[in-house]
Each structure stands twice: as structure tokens, then as C-alpha cells.
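Have a look at the model first, then read on with it open beside you.

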Amino acid sequence: MTQTAPASATDLHRLLDDLVERVPTADLSVLLSPDGLPLATSQAVTTESGDFVAAAAAALHALAVAAGRQLHGGTALRTIVEMEHVLLAVEPAGDGALLAVTFGAATDPETVNGPIAEAADRAARVLAGTGLTPGGIR
């Protein structure tokens, strides 16, 4: 007997796939808990890459949160790391999740701010309405 994912988990996966499809330079997206556990991923994400991106995104965002606190800079709104070949953006998605998205290196962060914010907001609404937990989505 095959098990089907709850509609809300399916909605999260579709939301992440939609983000990757709509933004031409997006490679993958991962919704994660603040402690680095993947909650949902876009279709092309392997378990290994999802785990790595989730852990790295959580650590980077935690560093931004700590810096904001220490420097009296306020809430960390988005964490962006530009590397030679990849841009990694991490944004809070409600009270208990983060959205991490990777893009090709030539991506201008300004061009992806809107789609990331929109996807994070949509994910937060889905999570708030379901009470999903890290163990309940994957």
C-alpha cells in the first residue's frame, strides 16, 4: 500500500518547486527548521544535498541573528552569501522555519528578493495552518 503525503506537505513541495521554476537562476530550495533539519525540498534536491544546505543555512542565519543582536542591528531579515559560483539566500518563513534557496553565481540579489519573500510568506502560512513538525514533512 502506498502512502500519500498530507496535502500541506505536498503544498510545501509544490511551493518550493514553483520557486525554482519561476526564478531562472534558482537551482534548489529547502524549507528547514531553525536547528537545520530539512522540512521540505524542491524536487531536484537529494537527501544529502538537502541535509547539507539545511545545516549550512541554519548556521549562517544563526550567525546573522547573533550579529544583529550583538550589534543592535535588529532582526535578521535575510542572510545572503555570495560565492564564486553560487548565491545562497536564507529567509525566515514564519516563527519556526527558514527558507534556503541557491542560485547561479551571476544572480543579482536584488532580483530574487521578491520571489524569496513571497515563497517564505506562503510557506509560513502553510506551516501555521497545519502544525507540521520536522519529522512530519519530509
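1. Start with Asp 121, which is partly exposed at a relative accessible area of 42%. (Buried means under 20% relative accessible area, exposed over 50%, and partly exposed in between, with a 1.4 Å probe and protein chains only.) Asp 121 meets Arg 125 in a salt bridge, 2.3 Å from N to O; the term stands for a side-chain nitrogen of Lys or Arg within 4 Å of a carboxyl oxygen of Asp or Glu. Both residues sit in helix H3, four residues apart, or about one turn of the helix. Arg 125 itself counts as exposed, at 51% relative accessibility.

2. A word on what you are looking at: this is a predicted model, where local features need pLDDT of at least 70 and side-chain atom pairs count only at pLDDT 80 or more, while totals for chains, interfaces and linings use all residues. Numbering runs from 1 along each chain as its sequence is written, and side-chain values use heavy atoms, with hydrogens and water left out. As for the labels, helices (H or I, at least four residues) and strands (E, at least two) are DSSP runs, numbered from the N terminus.

3. How many salt bridges does the structure hold? There are five. One of them joins the side chains of Asp 18 and Arg 22, at 3.0 Å from N to O. These two are four residues apart in helix H1 (residues 7-22), so about one helical turn separates them. Asp 18 is partly exposed at 26% relative accessibility, and Arg 22 is partly exposed too, with a relative accessible area of 37%.

4. Arg 22 also bridges to Glu 118, with the closest N and O atoms 3.9 Å apart. Because Arg 22 lies in H1 and Glu 118 in H3 (residues 109-130), this pair ties together parts that are 96 residues apart in sequence. Glu 118 is partly exposed, with a relative accessible area of 40%.

5. Now the sheet. In what order do its five strands come? They form an open sheet in the order E2-E1-E5-E4-E3, with antiparallel pairing. E2 and E3 are the edge strands, each pairing on one side only. On average, neighbouring strands here are turned by 20° against each other, direction ignored. (Two strands pair if DSSP finds at least two bridges between them. Axes are lines fitted to C-alpha atoms, for helices over the stretch in contact, and angles run from 0 to 180 degrees between N-to-C directions.)

6. Strand E1 (residues 26-32) is worth a look: six of its seven residues are buried, leaving the strand mostly covered. Six bridges join E1 to strand E5 (residues 98-104), antiparallel, and Val 30 stands opposite Ala 100 there. On the E2 side, E1 pairs over three bridges, again in the antiparallel sense, with Leu 31 opposite Ala 40. The hairpin of E1 and E2 has five residues between the strands, and in it Gly 36 takes a positive phi near 95°.

7. Move on to E4 and its partners. Seven bridges join E4 to E5, running antiparallel, and Val 90 stands opposite Ala 100 in E5. Four bridges link strand E3 (residues 79-82) to strand E4 (residues 86-92), antiparallel as well. Val 81 stands opposite Leu 88 in E4, and a hairpin of three residues joins E3 to E4.

8. Two helices go with this sheet. H2 lies across E1, E2, E3, E4 and E5, running at about 70° to E1. H3 lies across E1, E2, E3, E4 and E5, at about 40° to E4.

9. Finally, two loop residues. Is Ser 42 buried or exposed? Ser 42 is buried, at 3% relative accessibility, in the loop between strand E2 (38-41) and helix H2 (47-70). Leaving aside residues up to four places away in sequence, Ser 42 touches Leu 16, Asp 17, Val 20, Leu 28 and Ser 29, a contact being heavy atoms within 4.5 Å. His 72, in the loop between H2 and E3, is exposed at 74% relative accessibility. His 72 has a positive phi of about 55° although it is not a glycine. Most residues other than glycine have a negative phi.
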